[in-house]
Amino acid sequence: MRCTVIGNWGGCCRKNEACSGYLLTQDGFHLLLDCGSGVLSVLQNIIDLNDLHHIFLSHYHFDHYSDAGCAVYSRLVNMQVGKTKQKLHFYGLPNAEKFSELTWEPYSDITPVAASGRLQIGPFACTFQKTVHPVDCLAIRVEAGGKSLVYTADTGYFDGMAEFARDADLLISECSLYAPAGGEKAGHLNAEQAGLLGARSGCRTLLLTHLPLYGELERLREQAKKNYHGRLLMADKLMAIDLED
Ligand SMILES: [Zn+2]
Ligand SMILES: [Zn+2]
């Protein structure tokens, strides 16, 4: 399984970069985790938009889903001009108007996901965990090719997330804040908490992402290292991480 960081910024993105978006690839099959602002543009450095058919949305904050609507428009145009015959499939929490709006037959459809549910998307076996956030939000665990990846999406700290990410080969953890800012009620992790999550989960590699647009980013790494002593990476545009079979 390969994970390519498409976007790594929380809230808004830097010039020519993107908010949350992670492209998972296994045996030529692609699954995009989140589709925030800028993701569709950056993604085209890696694949043609007509080769992407599956998008998981963790929640409906703009930095995680705002490009999803344009993905539908892209599919509409490209199906109409004969460049692809395959529709686009979205997976996410139901009962949100923003999710329902992504259905536009015959170009796109939606599959509701429950926190307790399981989903097989091509080679990817997916399970979910409700996070601590001001709106309903799902973390996702993906298993494929004998490897495991967990994406926290947006969350405050709670021990259940460490359990959900137990022994993951790659833990993509949000890291929105510099310690000591934050706390459980913030709905986001500071760097020390992201490090703690990595340590308690026992993950092989910890990738810090959903980074703040201010401050010295290297401080995040130093703060996370107080708690996490394994392989630590800072997410960067188009960074590719291979989880070898
Ligand atoms: Zn966010
Ligand atoms: Zn959010």
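1. Two strands are taken as paired if DSSP finds at least two bridges between them. Helices (H or I, at least four residues) and strands (E, at least two) are DSSP runs, numbered from the N terminus. On this basis, Thr4 stands opposite Leu23 in S2. The strands concerned, S1 (residues 2–7) and S2 (residues 21–26), run antiparallel and are joined by 5 bridges.

2. The model is predicted: local features need pLDDT of at least 70, side-chain atom pairs count only at pLDDT 80 or more, and totals for chains, interfaces and linings use all residues. Residues are numbered from 1 along each chain as its sequence is written, while chains are lettered from A and ligands numbered from 1 in the order in which they are written.

3. S1 and S2 belong to an open sheet of 7 strands with the order S6-S5-S4-S3-S2-S1-S14 and mixed pairing. Its edges are formed by S6 and strand S14 (240–242); each has a single partner strand, so one side of each is left without a neighbour in the sheet. Neighbouring strands of this sheet are turned by 20° against each other on average, direction ignored. Such angles are taken between axes, which are lines fitted to C-alpha atoms (for helices over the stretch in contact), and they run from 0 to 180 degrees between N-to-C directions.

4. Helix H3 (residues 68–80) lies across S4, S5 and S6, and runs at about 160° to S5. The 13 residues of H3 reach 19 Å from first C-alpha to last, close to the 18 Å expected at 1.5 Å a residue; the expected span is 1.5 Å times one less than the number of residues. Just after H3, Gly82 takes a positive phi of about 80°.

5. Which residues of H3 are buried? They are Ala68, Ala71, Ser74 and Arg75. A residue counts as buried if 20 or more other C-beta atoms lie within 10 Å of its own, as exposed if 12 or fewer do, and as partly exposed in between, with C-beta atoms placed from the backbone. Seen down the axis of H3, the buried residues fall within an arc of 105°, so they line one face of the helix; the arc is that of the directions from the helix axis to the C-beta atoms. The face turned away from this buried side carries the exposed residues Val77 and Gln80. The cover over the buried residues of H3 includes helix H1 (39–43), strand S4 (54–56), helix H2 (62–65), strand S5 (88–92) and strand S6 (108–112). Contact here requires C-beta atoms, placed from the backbone, within 7 Å.

6. Another open sheet has 7 strands in the order S7-S8-S9-S10-S11-S12-S13, and the pairing is mixed. Strand S7 (118–121) and S13 stand at the edges with a single partner strand each, so one side of each is left without a neighbour in the sheet.

7. Because 5 of its 7 residues are buried, S9 is largely enclosed by the rest of the structure. S9 runs antiparallel to strand S8 (residues 124–130), with 6 bridges between them, and Cys126 has Val142 in S9 as its bridge partner. S9 also runs antiparallel to strand S10 (residues 147–151), through 5 bridges. In S10, Tyr151 is the bridge partner of Ile140 and Ser148 that of Glu143. The hairpin of S9 and S10 has 2 residues between the strands, and Gly145 takes a positive phi near 55° there.

8. H6 lies across strand S11 (170–174) and S12, at about 155° to S11, whereas H7 lies across S12 and S13, at about 160° to S13. In helix H7 (residues 217–225), Leu220, Gln223 and Ala224 are buried. They cover an arc of only 95° around the axis, which puts them on the same side of H7. Glu218 and Arg219, on the other side of H7, are exposed. Helix H6 (191–201), strand S12 (205–209) and strand S13 (231–234) are among the elements covering the buried residues of H7.

9. The largest nonpolar core has 73 residues, and Leu24, Leu149 and Leu208 have the most contacts inside it. A nonpolar core is a set of buried Ala, Val, Leu, Ile, Met, Phe, Trp, Tyr and Cys residues joined through C-beta atoms within 7 Å. Strand S9 (residues 138–144) gives the most to this core, with 5 residues. Leu208 touches residues including Cys175, Ala191, Leu220, Ala224 and Met234, not counting residues up to four places away in sequence.

Note on methods. Contact = placed C-beta atoms within 7 Å.
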